[in-house]
Amino acid sequence: MTPLELFHHLDKDVKVVTKKAKRSQCVKPERIEKEMKRVIAWWSGGIASAVACQKAIELFSSDYNVEVVFIDTKNEHEDTYRFLDDCSNIYKKEIKVISNEKYSNIKEVWRKYNSLNVAKGAICSSQLKKDVRVKYQDIENDYSQVFGFDYSKSEQNRAKNMLKNYPEINPNFPLIDFKYTKEDCIKEVESWGIRVPLTYELGFRNNNCFKTGCVQGGIGYWQKIKRDFPEKFRDMANIERELSIKNGKPITICSDQSKGKKVRLFLEAMDEFPDVLDISSKKGREPETLMECNGFCSTEEQLDLFDDILTEIKETNTLNLKELRKK
Ligand code: SF4
């Protein structure tokens, strides 16, 4: 399926087909003459990408060389490597592991850039995921890249952003094609007879960077880390303290946007910044589902698309994604 076809597929006006019907209608890529081009299926350690990789193997293996690749941040929960071996056995295929060798751990990134999680996204995601992915891809010779975006509205929007902003990588999203939610992915992985990553069993809704905890996790996620993993929480509170004092301004993981304006929140209050509250000032909440980290968390890219959509709606009073895609 080309990016344009998939974009049309994601258009809400396109007729909805059932999961069963969709499976049988699945468009097989056109056979490329001469040599087999590569399809990179990105395995991220979470259940969504695990299922997407399996779908990529089913869909593309007869016509393309499907590589399953994991970009290791070296900041993963150790059970991620057990899950990797289990998935590899299910796929009957090696999962290639690559990393940014410039850094031996994620804290080096945060310290180098004096940054944790800002409006543009997380610097660690950009350095440890995006840069590695861009270096590894081969636009000229790859047919497609496959991502585990699920069938939730937010991830469908992200898929649209990616199609608009990165058409050259010809992204594919089998979970959206097959209408797989995160819950469907958990059932699918369990149907393979293997355990989901331990972090899901611990009550988190992702398996991102659990060695330190993920800076994109949000208030509910960090409230849970504080309750269940106090040492991890203290360690990251100390990182916030170190960077904030060094830079003379609050550098935080969390922020509150409930009143429209983004308000920074520390994990633990600091005497040096008495005006900045900490996450205990917010009502207790559960961790939200978090996108698997692949270096596409920049809100700048999302705003770019939303601006276009808003202009489109203003000018035509309709939302025509098909035309928008051609721009
Ligand atoms: S999973 Fe979270 S902490 Fe890890 S690289 Fe991505 S944004 Fe950073």
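Colleague: What is the mean pLDDT of the chain?

Modeller: The model is predicted. The mean pLDDT of its chain is 83, and 79% of the residues reach 70 or more. Over residues 6–28, however, the pLDDT is below 50, and this stretch has 29 contacts beyond near neighbours in sequence. Residues 298–327 also stay under 50, and there the model has 29 contacts beyond four places in sequence.

Colleague: Why is helix 3 called roughly perpendicular to helix 9?

Modeller: The axes of helix 3 (residues 47–60) and helix 9 (residues 182–191) cross at roughly 65° and come within 9 Å. Angles of 65 to 115 degrees count as roughly perpendicular, and helix 3 is therefore described in that way relative to helix 9. Their crossing is left-handed.

Colleague: Which residues of helix 3 and helix 9 make the contact?

Modeller: Helix 3 contributes Ile47, Ala48, Ala50 and Val51, while helix 9 contributes Lys182, Cys185, Ile186, Glu188 and Val189. By class, the residues of this contact between helix 3 and helix 9 are seven nonpolar, no polar and two charged. Lys and Glu count as charged, so Lys182 and Glu188 of helix 9 supply the two charged members.

Colleague: Why are helix 5 and helix 6 described as oblique to each other?

Modeller: The axes of helix 5 (residues 106–113) and helix 6 (residues 123–136) come within 9 Å, with a crossing angle of roughly 125°. The perpendicular class runs from 65 to 115 degrees, the antiparallel class begins over 145, and the rest count as oblique. Helix 5 and helix 6 are therefore oblique. Helix 5 passes helix 6 in a right-handed crossing.

Colleague: How many residues in the contact of helix 5 with helix 6 are nonpolar, polar and charged?

Modeller: Ile106, Val109, Trp110 and Tyr113 of helix 5 meet Ile123, Cys124, Gln127 and Leu128 of helix 6. Seven of the residues in this contact of helix 5 with helix 6 are nonpolar, one is polar and none is charged. Trp, Tyr and Cys count as nonpolar, so Gln127 of helix 6 is the polar one.

Colleague: Which residues come nearest to the ligand?

Modeller: Of the 13 residues around the ligand, Cys124, Asn208, Cys209, Cys214 and Cys293 come nearest. Helix 6 gives the most to the shell around the ligand, with four residues.

Colleague: How do the residues of that shell around the ligand divide by class?

Modeller: Seven residues of the ligand shell are nonpolar, five are polar and one is charged.

Definitions and conventions
Residues are numbered from 1 along each chain as its sequence is written. This is a predicted model: local features need pLDDT of at least 70, side-chain atom pairs count only at pLDDT 80 or more; totals for chains, interfaces and linings use all residues. Axes are lines fitted to C-alpha atoms, for helices over the stretch in contact, and angles run from 0 to 180 degrees between N-to-C directions. Angles under 35 degrees count as roughly parallel, over 145 as roughly antiparallel, 65 to 115 as roughly perpendicular and the rest as oblique. A crossing is left-handed if the near helix is turned anticlockwise from the far one by less than a right angle, and right-handed if clockwise. Two residues are in contact if their C-beta atoms, placed from the backbone, lie within 7 Å. A residue is near a molecule or strand if its C-beta atom, placed from the backbone, lies within 6 Å of it. pLDDT is the predictor's confidence in each residue, from 0 to 100.
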